[in-house]
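Subject: Structure handover

Hi,

Here is the structure I promised to pass on. Have a look at it first, and then read my notes below.

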Amino acid sequence: MALLTIRDAGLAYGLQPLLDRADLTVGEGERIGLIGRNGTGKSSLLKVIAGQAALDDGVIERRDAVRIVLVEQEPLLPPASTLRESLVRRGALEAQDERDRWRVEVRLSGFLHRYGLDEAQSPESASGGERKRAALALALAMQPDLLLLDEPTNHLDVDGIALTEDLLLKVPASIVVTHDRAFLDRIAMRIVELDRGLLRSYPGNFAAYESRKAAELAAEASAARKFDQFWRQEEAWIRKGVEARRTRNEGRVRRLESLREQRAQRRQRIGNVRLAVDAGERSGVLVAELDRVWKAFGASTLVRDLSLRVMRGDRLALLGRNGAGKSTLLKIILGEVRPDRGQVRLGTRLQVAYFDQMREQLDPERSLAQTISPGSEWVETGSGRKHVLSYLADFLFPPQRASAPVKALSGGERNRLLLARLFAQPTNLLVLDEPTNDLDIDTLELLEATLQAYAGTLLLVSHDRAFLDNIATQTLVAEGDGVWKEYVGGYSDWVAQRAAAPPAKAAVGSARDPAPQPAPAAGCAGTPVARGGARPSRARMTFKEQRELDALPDEIEALEREQHELSGRMCAPDYHRQGVEQLKADRHRAEEIEVMLRERFERWGALDAKAQAPRTTR
C-alpha cells in the first residue's frame with residue numbers, strides 16, 4: 001500500500017523549475033535514496049513531502065494518519081537548559097497527542113545513549129555532529145511511518161554513520177538524500193534521481209544505479225546527436241527560401257517550427273565542474289616529520305607519543321571519531337599548532353593550500369569574483385591566465401552570479417567556491433578537512449579523479465568511506481586515548497587489517513610479561529624446522545575433514561548461484577511492488593548468504609592450509 005503519491009508535480013524557484021510534471025510513489029517498506037546535482041531541488045522535495053512547503057502545481061496524496069518526520073541538513077535545536085529538554089520541545093511540535101509525546105520521551109533516552117550523547121549537555125554548546133546525532137535520535141524515537149533524511153552523514157564520524165545505517169534498516173520506510181555512496185549501497189532498495197525537473201526511478205542500490213545510468217546517458221547522448229543532425233538538415237532546407245516557397249511544403253515548415261520549439265525547450269543536462277590542481281614547484285622529499293609528539297587540552301590527550309613521516313606524494317587520510325583531534329593533528333603537522341612535547345620538522349619548498357571544513361576562509365560579504373581574485377579580473381592557473389568569469393563558470397557559477405555575495409550560496413555551492421579558491425593557486429601540499437560535505441555525487445567523483453591525478457602531497461580528513469578508498473595511500477587512525485596508528489591503504493584496507501590484527505595483549509607486551517621466547521629457525525618456505533633433523537611430512541587430516549573439504553566448493557557455488565538469482569530479483573523494475581514481508585525476507589536471506597559464504601571460505605582456507613601444511617615425523 002502506498003504511503004505517499006505525487007502526480008504531475010510542479011515547483012519552481014526562479015527561472016528553472018525544480019519539479020516539472022514529476023511523479024513519485026512511496027510504498028510501505030521502501031528505502032529510497034534520492035540523488036541529484038546540487039540545486040536541483042532535493043531538499044525542497046523533502047519539505048513538500050513533509051508538509052513544510054506546498055507544490056505550485058500537481059497533487060500530493062498521503063495515507064491517512066501517516067507519520068512523516070524530516071531531519072534537515074543542519075537541524076535547529078530550540079533553546080533550552082539541556083539537550084534533552086531542547087529535543088522534547090522540538091518533538092512536541094510534531095507529537096499528535098499527550099500519550100504519543102510521553103512515549104517519544106521514553107524512547108528518546110535510549111537513542112541518545114546509543115548515539116553517545118549527554119542528555120544534560122547544553123544545546124548551545126553542541127557541535128554540528130552532536131546536533132545531527134541528537135536530531136536523528138529524536139526522529140527515530142518518534143517511530144515515523146516515513147523518515148526523511150537530508151544529508152544524514154554530514155558531520156558524523158564513521159561509527160555514527162554505521163550506527164545510523166543499522167537503525168535505518170529497522171525503520172518502516174525512508175527517503176534519504178545523501179552523497180555517501182557506501183551508505184546508499186547498504187540501505188537503498190531503490191534510487192530516485194531528480195534530474196531536470198523529473199524523478200527517475202532505478203531499482204536496487206547505488207552500484208546498480210551506476211551501471212544502468214551509464215547506459216542511459218549513452219543512449220540519451222546518441223538521441224540528442226541524431227536530433228541535432230536532423231534539425232540542422234531542416235534548417236538548411238528552409239534557408240533555401242525560394243525553393244521552399246515554390247514547393248509550398250507547409251507541413252515540412254510546421255515540422256521545422258516544432259523542432260525549433262523542442263530544441264529551445266530541451267533542458268540540457270547540468271554541466272560538470274572542471275577541476276584542475278596546479279602542483280606548483282616540487283617540494284622536498286620529506287614533507288613533515290613528527291618525533292614523539294604529545295598534545296593535550298585539559299585532561300584530554302589528543303596525541304600521545306606519535307612519530308610520523310609524511311613523504312612527497314603521500315596521500316595520508318586521518319580517521320577517527322568526532323573530537324578525536326583530527327583537525328588539531330593536521331595543524332600540528334603543518335606547524336600551525338605547537339605540540340606540548342616532541343618535535344615537528346617541516347620539509348622545504350612547501351606551498352600549502354588548506355580546505356577548512358568550517359569555510360572560515362570565505363568572507364560572507366564579499367562577492368564570488370572578489371573571493372577568487374581580489375583586485376583583479378584575471379586568475380593565474382597552472383594552464384595559463386583565465387578571466388575570473390570564465391574560471392567561475394568552470395565551477396558551475398554563471399556570470400550573473402559573479403557579483404553575488406558568498407552568504408547567498410548554499411552549502412554545496414560554498415564548498416565549490418572554496419575548491420575554486422584553493423585550486424586557483426599553485427600548491428604542492430593540499431590539505432582537505434571534510435571536503436565532501438554538501439557536494440553532489442557527480443562533483444565528488446570528479447574531485448576524486450582530480451586528486452588521483454594530483455602530483456603533490458595530500459593530507460585528508462573525511463568520513464566518506466568510498467572517497468577514502470579511492471584516494472588514500474595510507475590511513476592514520478585514532479584508536480583512543482590519544483593513540484594514533486598508521487595503516488596501509490584506505491578505509492576498507494584499515495577494516496581488513498584491523499580484523500586480522502591479533503589482540504592487543506598478544507601484540508604488545510608489558511614490563512611484567514615474561515620475556516618472549518626465541519622463535520624456532522625457519523626454513524626457506526618460512527615453516528619451522530623440526531629439531532633433531534626430523535624431516536617434514538604431510539599433516540594427517542581426518543576422513544571427515546577431507547570429505548568436508550571436498551564438498552565445500554560445491555556448497556560455495558550453490559550459495560553464489562542463489563545470491564546471484566536473489567540479486568537479479570531484487571533489481572527487477574517492479575521489485576518494490578512486492579509485499580513488505582517478502583522484501584524483509586529477501587533482505588534477511590541476502591545478509592544470511594553473505595555470512596554463510598564468508599564462513600565457508602574461511603573454513604575452506606583453514607582445511608586447505610591443514611592439508612598443505614607439513615608435519616614432523618618422529
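The chain holds 19 helices and 22 strands; these are DSSP runs numbered from the N terminus, with helices being H or I over at least four residues and strands being E over at least two. Keep in mind that this is a predicted model, where local features need pLDDT of at least 70 and side-chain atom pairs count only at pLDDT 80 or more, while totals for chains, interfaces and linings use all residues. Residues are numbered from 1 along each chain as its sequence is written, and side-chain values use heavy atoms, with hydrogens and water left out.

Some overall numbers to start with. Of the 618 residues in the chain, 42% are buried (under 20% relative accessible area; exposed is over 50% and partly exposed is in between, with a 1.4 Å probe and protein chains only). The chain exposes about 32,500 Å², and carbon and sulfur atoms supply 50% of that (Shrake-Rupley method, 1.4 Å probe; for residues, only the protein chains shown count as cover). Taking contacts (heavy atoms within 4.5 Å) between residues at least 6 apart in sequence, 69% join residues at least 24 apart.

Helix 4 covers residues 128-141, and its 14 residues reach 20 Å from first C-alpha to last, close to the 20 Å expected (1.5 Å times one less than the number of residues). After helix 4 comes Q143, with a positive phi near 50°.

Helix 14 (residues 441-453) has 13 residues that should span 18 Å, and its end C-alpha atoms are 19 Å apart, which agrees. Its buried residues include I441, L444 and E448.

On to the rings. Phe, Tyr and Trp rings (for Trp, the six-membered one) pair if their centres lie within 6.5 Å; planes under 30 degrees apart count as stacked, over 60 as edge-to-face and the rest as tilted. The count by this rule is 4 aromatic pairs. Y202 and Y209 have ring centres 5.1 Å apart and planes at 80°, so they are edge-to-face. Both Y202 and Y209 are buried. Y391 and F395 make a tilted pair, 5.3 Å centre to centre with 50° between the planes, and both of these are buried too. Ring pairs also join Y202, F206 and Y209 into a cluster.

Two charges sit over rings (NZ of Lys or CZ of Arg within 6 Å of the ring centre and within 35 degrees of the ring normal): R416 over F397, 4.9 Å from the centre, and R498 over W494, at 4.2 Å.

Last, look at N205, in the loop between strand 9 (198-203) and helix 7 (206-238). N205 is partly exposed, at 23% relative accessible area. Its side chain reaches the backbone oxygen of D185 at 3.2 Å and the backbone nitrogen of A207 at 3.3 Å. Leaving aside residues up to four places away in sequence, N205 touches L184, D185, A188 and I191.

Cheers

How values were computed
A polar contact is a pair of N or O atoms within 3.5 Å; within protein, one must be able to donate a hydrogen and the other to accept it, and residues adjacent in sequence count only if both atoms are side-chain atoms.
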